[in-house]
Amino acid sequence: DVLEIPLREQNQLLHAAGFAPLYQERGLDSTDMAAVKQALEMTLRHHEPYPAVVVDRQWNLVLRNAAADRFIGLLGDTENVWRQVDPSGQHNVMRMTFHPAGMQPLLQNWEQTATLLLSRLQREVTADPANAALRVLFDDICALPAIPSQWRNRVWNSVPPPILPLEIGMGNVALKVFTMISTFGTALDVTADELRVETFFPADEFSAQFFRTLAQA
């Protein structure tokens, strides 16, 4: 607890020492998790008209609000776009960001965005070596054509900005959004401990008005 080791890893350490796992891993649709799911759905709903998603520790989509679907819908038919960027059906948001059939061609500050996100993902892989799916995700993203080989082992000497806006260009429309990631502070279940809520916020008034107008279309 003092080391703030994630609950899944605490269970693994207990098992390795010959003890029973302490924390359960309940499905989000189970009766015991009803309050957790309700809180997540309330958060997503209240964040309208701006996109918000819930992801697991591999960045796979668990829940989303209608604004998130409208946002992805700017790329084309939502399910078709997801099939192109993630044929596994997991709806991985990192793959959506980096894939050439996803957001990558629209990101005007691509190098800055990609290198910072890749650095974050690399840190997560290093911190969670037992997470094979996260390692595969990192390797697959590094193999994409828009990722130069030197980005995989880049030395991060520059100081990043306080908040990195995603600068998205679509024709004559230029959006600026940034995200905030939230977690449950008192989770005692493996599933709840690993869920993350990523909420998107407009970085300027034009972007705010764009999302409000999109919700009314």
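Which residue lies over the face of tryptophan 59? The legends below walk through this predicted model, starting with that spot.

**View 1. A charged residue meets a ring in the hairpin turn.** It is arginine 196 that lies over the face of tryptophan 59, at 4.2 Å from the ring centre. Tryptophan 59 belongs to the turn of the β1–β2 hairpin, where five residues separate the two strands, and has a positive phi of about 70 degrees. The strands themselves, β1 (residues 52-55) and β2 (residues 61-64), pair in the antiparallel sense over three bridges. Have a look at valine 54, whose bridge partner in β2 is leucine 63.

**View 2. The five-stranded open sheet.** Follow the strands in the order β2-β1-β5-β4-β3, with antiparallel pairing. Because β2 and β3 (166-170) stand at the edges with a single partner strand each, one side of each has no neighbour in the sheet. From one strand to the next, the twist averages 30 degrees. Helix α3 (residues 66-73) packs on the sheet and touches β1, β2, β3 and β4, its direction making about 110 degrees with that of β2.

**View 3. Strands β4 and β5, with a helix across them.** Antiparallel strands β4 (residues 173-182) and β5 (residues 196-202) are joined by six bridges. Here you can find valine 177 opposite proline 202 in β5. Helix α9 (residues 205-216) lies across β3, β4 and β5 and runs at about 85 degrees to β4.

**View 4. An aromatic cluster.** Tyr50, Phe71, Phe200, Phe210 and Phe211 make up one aromatic cluster. The structure holds six aromatic pairs. The rings of phenylalanine 210 and phenylalanine 211 have centres 5.8 Å apart and planes at 85 degrees, so this pair is edge-to-face. Phenylalanine 210 counts as buried at 19% relative accessibility, and phenylalanine 211 counts as buried at 2%.

Methods:
Residues are numbered from 1 along each chain as its sequence is written. This is a predicted model: local features need pLDDT of at least 70, side-chain atom pairs count only at pLDDT 80 or more; totals for chains, interfaces and linings use all residues. Side-chain values use heavy atoms; hydrogens and water are left out. Rings of Phe, Tyr and Trp (its six-membered ring) pair if their centres lie within 6.5 Å; planes under 30 degrees apart count as stacked, over 60 as edge-to-face and the rest as tilted. Buried means under 20% relative accessible area, exposed over 50%, partly exposed in between (1.4 Å probe, protein chains only). A charge sits over a ring if NZ of Lys or CZ of Arg is within 6 Å of the ring centre and within 35 degrees of the ring normal. Two strands pair if DSSP finds at least two bridges between them. Helices (H or I, at least four residues) and strands (E, at least two) are DSSP runs, numbered from the N terminus. Axes are lines fitted to C-alpha atoms, for helices over the stretch in contact, and angles run from 0 to 180 degrees between N-to-C directions. Contact means heavy atoms within 4.5 Å.
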